[in-house]
Amino acid sequence: MPHRHRHHRAVGAAVAATAALLVAGLSGSASAGTAPAGSAPTAAETLRTDAAPPALLKAMQRDLGLDRRQAERRLVNEAEAGATAGRLRAALGGDFAGAWVRGAEAGTLTVATTDAGDVAAIEARGAEAKVVRHSLADLDAAKARLDTAAAGLNTADAPVWYVDTRTNTVVVEAIRPAAARSLLTAAGVDGSLAHVKNRTERPRTFYDLRGGEAYYINNSSRCSIGFPITKGTQQGFATAGHCGRAGSSTTGANRVAQGTFQGSIFPGRDMAWVATNSSWTATPYVLGAGGQNVQVTGSTASPVGASVCRSGSTTGWHCGTVTQLNTSVTYQEGTISPVTRTTVCAEPGDSGGSFISGSQAQGVTSGGSGDCRTGGETFFQPINALLQNYGLTLKTTGGDDGGGDDGGEEPGGTWAAGTVYQPGDTVTYGGATFRCLQGHQAYAGWEPPNVPALWQRV
């Protein structure tokens, strides 16, 4: 039809100008993470993949079966793939059906579309194209209907459901298949959209009443600090909601008085934050293996298939990959949605701890199944939703309170440091309009014209 033809011309024009940069990033060339002098920064430079410390790279090597060079290349390729997927999502519009990376070095990005006419535009960006039946918007809408229906059902025997872009379905994982069928029927989800998978174990929160390290709630239970944050001049940290309720007191691993939970949501979400007293200072670091500091330089969300590592007070550093983004999980206490599902293991006491991809904060540990001896899965509460809900600013190495000083006066516009932006959001800055390509919290130095990996001028 005529509007399809116009759509494809627009897609082709939108992708042609920067195809070469992202093809280089995905192909694994040695220069993919380094931009020529005077040019716009690459996605890898924007997301500071070079800030990955040796401890994180070693954990990736151990858990993902990589050597050091492969781990470094993987972080670069994941950053470039995220930027490519963001631009294609904006260009394809309603045809877009998801994106994911694969390969030891995440060297292959696949972008799905419902229209075969988009294939050439996708391939022009160095990505593989997959033509599918359902758009991401359709899958997300079906998953939302499952969430609504689950509120009136007991989903203990169908505890996990999510959008799986790689199979172009909404998947329900069930201990009893009949429970999955009941959920799908109640939600009115068409059979062509859904797939039921068997599972044998019920997820649980990684909550520990035995004591240990990290931080303690009401001098009793133990959890793990997620990410240091600020709220105005108040310092503190983000963590899981199931770790404590508003008003609960905390002490540090050294048993020194630390702070108080200011807000907590669980179930429904699994998010909370603690305001600390003057004895504690928020730093832009996550505790890595051997006590090393892992820098946090932002909170750009990673795509499906990307590597992700977790720090927790029980099991330390472990890595894996992102398997699904839009996931719902039922624990004994209730259903949490949306969370991100990963192949990373965790154990009791790791709850609330940090999930990080390269130097980009991803979320706080919620729960899962299995353990770090036999393997397992873990779900995390995305950090950007937590920051947005409580009006918090992630502490980063970019400068005080999550940002730095770019040395100039901020031009007029609607863009603002500290705001959490999602793909598709539009802002004005310096008299121009920009569209967000990847979810992140903004800070000074990441103004739209400076970070083409995150913003596209429209």
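## Hairpins and backbone geometry

Strand 12 (residues 249-252) and strand 13 (residues 257-265) pair in the antiparallel sense over three bridges, where pairing requires that DSSP finds at least two bridges between two strands. Helices (H or I, at least four residues) and strands (E, at least two) are DSSP runs, numbered from the N terminus. The model is predicted, so that local features need pLDDT of at least 70 and side-chain atom pairs count only at pLDDT 80 or more, while totals for chains, interfaces and linings use all residues. Residues are numbered from 1 along each chain as its sequence is written, and side-chain values use heavy atoms, with hydrogens and water left out.

Arg 255 is partly exposed, with a relative accessible area of 44%; buried means under 20% relative accessible area, exposed over 50%, and partly exposed in between (1.4 Å probe, protein chains only).

Strand 13 also pairs in the antiparallel sense with strand 14 (residues 271-276), over six bridges, and Phe 261 stands opposite Val 274 of strand 14. This hairpin has five residues between the strands, with a positive phi near 95° at Gly 268. The loop between strand 13 and strand 14 also holds Pro 267, and the peptide bond from Phe 266 to Pro 267 is cis, with omega near -5°. A cis peptide bond also joins Ser 337 and Pro 338, with omega about -10°, and Pro 338 is found in strand 19.

Four bridges join strand 25 to strand 26 (residues 432-436), and Tyr 429 has Ala 432 as its bridge partner in strand 26.

In helix 9, the buried residues include Ile 383, Asn 384, Leu 386, Leu 387 and Tyr 390. They cover an arc of only 160° around the axis, which puts them on the same side of helix 9, the arc being that of the directions from the helix axis to the C-beta atoms. Gly 391 follows helix 9 and has a positive phi, near 65°.

## Pockets

On a 1 Å grid over the protein atoms alone, a pocket is an open set of points where a 1.4 Å probe fits, with protein on both sides within 12 Å along at least five of seven lines, and lining residues have an atom within 4 Å of a point. Grid points are joined across faces, edges and corners, and a volume is the space filled by probe spheres set on the points.

| Pocket | Volume | Lining |
|---|---|---|
| Largest pocket | about 990 Å³ | 37 residues |
| Second largest pocket | about 690 Å³ | 30 residues |

Among the residues nearest the centre of the largest pocket are Arg 89 and Gln 422, and helix 5 gives the most to its lining, with four residues.
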